[in-house]
Amino acid sequence: MNIEHYQQHTFPNGIRLIHRQVSHTRIAHCGFALNIGSRDETPAQLGIAHFWEHMAFKGTKKRKAYHILNRLDALGGELNAFTSKEQIFFYASILEEHFEKAADVLTDITFHSVFPEREIFKERGVILEEMAMYRDNPAESIDDDFDGIVFGSHPLGQPVLGTPESVSSFGKPDFEQFIAQRLNTEKLIFVSVSSLSFEKVKRTLERYLEDVPALYGSLERELPKPLPAQRLEERKPSLSQANGVMGRATYSFYDKKRLPFVLLTNLLGGNGMNTRLNLTLREKYGLVYGVEASSSFFSDSGIFSINFATDKKTLPKTLHLIEKELDKLRHQKLGTLQLHSAKQQLKGQLAMSAESNSGLMLTMGKYFLMQQHMPTWKDTFDAIDGITAELLLEIAQEQFAPDSLSTLIYVPENQD
């Protein structure tokens with residue numbers, strides 16, 4: 001979650017290097033974090049950011065797809081990427097003696113892709129299969145549908161993968177146009193975590209970035225408008241359980257109430273087995289295998305959700321018990337011991353999440369894109385310690401009012 005010592009440098013084209021030197025590792029984790037995501041697409045471009053992520057591996061000015069995929073894999077390394085609503089990340093993990101090869105390949109796929117039409121045709125089929133896989137998994141597809149309920153036609157309400165129609169329409173000029181419109185080297189970071197010195201990382205990266213020009217693509221992100229809460233049910237013939245999501249739009253990444261809301265969400269249904277929802281729905285009543293409350297934060301909004309699956313016959317009771325737990329948080333202030341325990345649990349979970357250097361690298365990329373710095377452990381823990389029971393009660397009353405929460409249920413069609 002946070003970082004105590006890092007070094008940074010800005011290259012002439014505006015790209016920033018952020019490096020954290022760590023000891024006791026022989027692995028270098030590094031990658032390019034781009035301030036571009038699916039919400040930056042026009043209606044005609046739905047899914048093109050994610051498609052670009054796929055196509056980056058399918059050919060550059062000096063490499064064919066096989067040579068890209070084999071370059072690091074043959075050395076025991078990993079090359080990967082992901083696309084979210086607001087970011088694209090191309091990243092790698094490799095033995096540190098091969099760091100230069102990783103920097104070479106990552107720079108190549110990020111800036112020098114050529115989008116061969118034959119590869120576009122093949123990868124379109126792969127993405128259509130990916131869409132089908134998500135549609136067959138209710139735990140995945142329900143989240144996309146719920147985004148649409150919360151944000152409507154706004155880009156945040158659209159699926160990252162796009163639609164079969166939009167993905168089937170893209171050709172080489174569409175990718176080139178999207179990149180020219182959106183890629184800005186001043187909003188792009190190379191992030192690195194390894195035992196290598198900062199000077200070595202900088203010198204290595206400098207060689208591969210010297211031919212990358214300054215690029216000035218723009219982002220004009222539309223603020224999402226509040227929508228009235230809805231309760232919808234969809235019949236799904238292939239399901240054996242009812243799958244549900246309850247939630248709403250919430251605070252942005254920059255809101256001062258974000259961290260207290262993370263604590264409240266964690267208490268309600270976070271990673272621990274002792275969350276209120278898990279203790280009630282699973283341990284006390286045996287209604288679910290798992291239940292999770294989570295929140296994601298964007299530059300101007302966020303989304304809170306509770307995900308669960310239960311038998312169709314126990315759905316009414318499950319919903320009632322979830323609403324009851326939310327109501328308790330709205331009306332019963334946490335006691336001193338409850339608040340202390342919730343704070344200690346969150347601190348421990350954040351500390352454990354930073355044990356992974358690869359996870360730290362990805363988190364650094366997100367934070368430096370969003371706010372140019374990361375909080376220290378002391379900053380984060382002091383902020384958690386400063387959260388009061390009164391503030392949590394205020395946030396619960398703001399966020400968990402019954403008439404503000406939308407619900408989407410996938411109901412098995414062939415069960416009584």
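## Exercises on burial, packing and cavities

His 29 is found in strand β3. The model is predicted: local features need pLDDT of at least 70 and side-chain atom pairs pLDDT 80 or more, while totals for chains, interfaces and linings use all residues. Residues are numbered from 1 along each chain as its sequence is written, and side-chain values use heavy atoms, without hydrogens and water.

**Exercise 1.** Determine whether His 29 is buried or exposed, and identify the side chain joined to that of His 29 by a polar contact.

*Solution.* Step 1: the relative accessible area of His 29 is 10%, so the residue is buried (under 20%; exposed is over 50%, partly exposed in between, with a 1.4 Å probe and protein chains only). Step 2: the side chain of His 29 makes a polar contact of 2.7 Å with that of Ser 93 (N or O atoms within 3.5 Å, one able to donate a hydrogen and the other to accept it; sequence neighbours count only if both atoms are side-chain atoms). Step 3: leaving aside residues up to four places away in sequence, His 29 touches Ala 92, Ser 93, Val 191, Ser 192, Val 193, Asn 357, Ser 358 and Met 361 (heavy atoms within 4.5 Å).

**Exercise 2.** Describe the setting of Glu 210 in the loop between α8 and β7.

*Solution.* Step 1: this loop runs between α8 and strand β7 (231–236). Step 2: Glu 210 has a relative accessible area of 62%, so it is exposed. Step 3: from Glu 210 to Pro 224 there are 14 residues in sequence and 38 Å in space, C-alpha to C-alpha.

**Exercise 3.** Which residues of helix α10 are buried, and what do they pack against?

*Solution.* Step 1: in α10 (residues 276–284), Arg 276, Leu 277, Asn 278, Thr 280 and Leu 281 are buried. Step 2: these residues pack against the helices α9 (258–269), α11 (315–331) and α12 (336–353) and the strands β9 (291–297) and β10 (302–310). Step 3: Gly 286 follows α10 and has a positive phi, near 65°.

**Exercise 4.** Characterise the lining of the second largest cavity.

*Solution.* Step 1: this cavity has a volume of about 30 Å³ (a set of 1 Å grid points where a 1.4 Å probe fits but cannot get out, lining residues having an atom within 4 Å of a point; points join across faces, edges and corners, and probe spheres on them fill the volume). Step 2: the lining consists of Leu 264, Leu 329, Gln 332, Lys 333, Leu 334, Ala 389, Leu 392 and Leu 393. Step 3: helix α15 (residues 389–399) gives the most to this lining, three residues.

Technical notes: 1 Å grid on protein atoms, 1.4 Å probe; cavity = no way out; pocket = protein on both sides within 12 Å on 5 of 7 lines; lining within 4 Å. Helix = DSSP H or I, 4+ residues; strand = E, 2+ residues; numbered from the N terminus.
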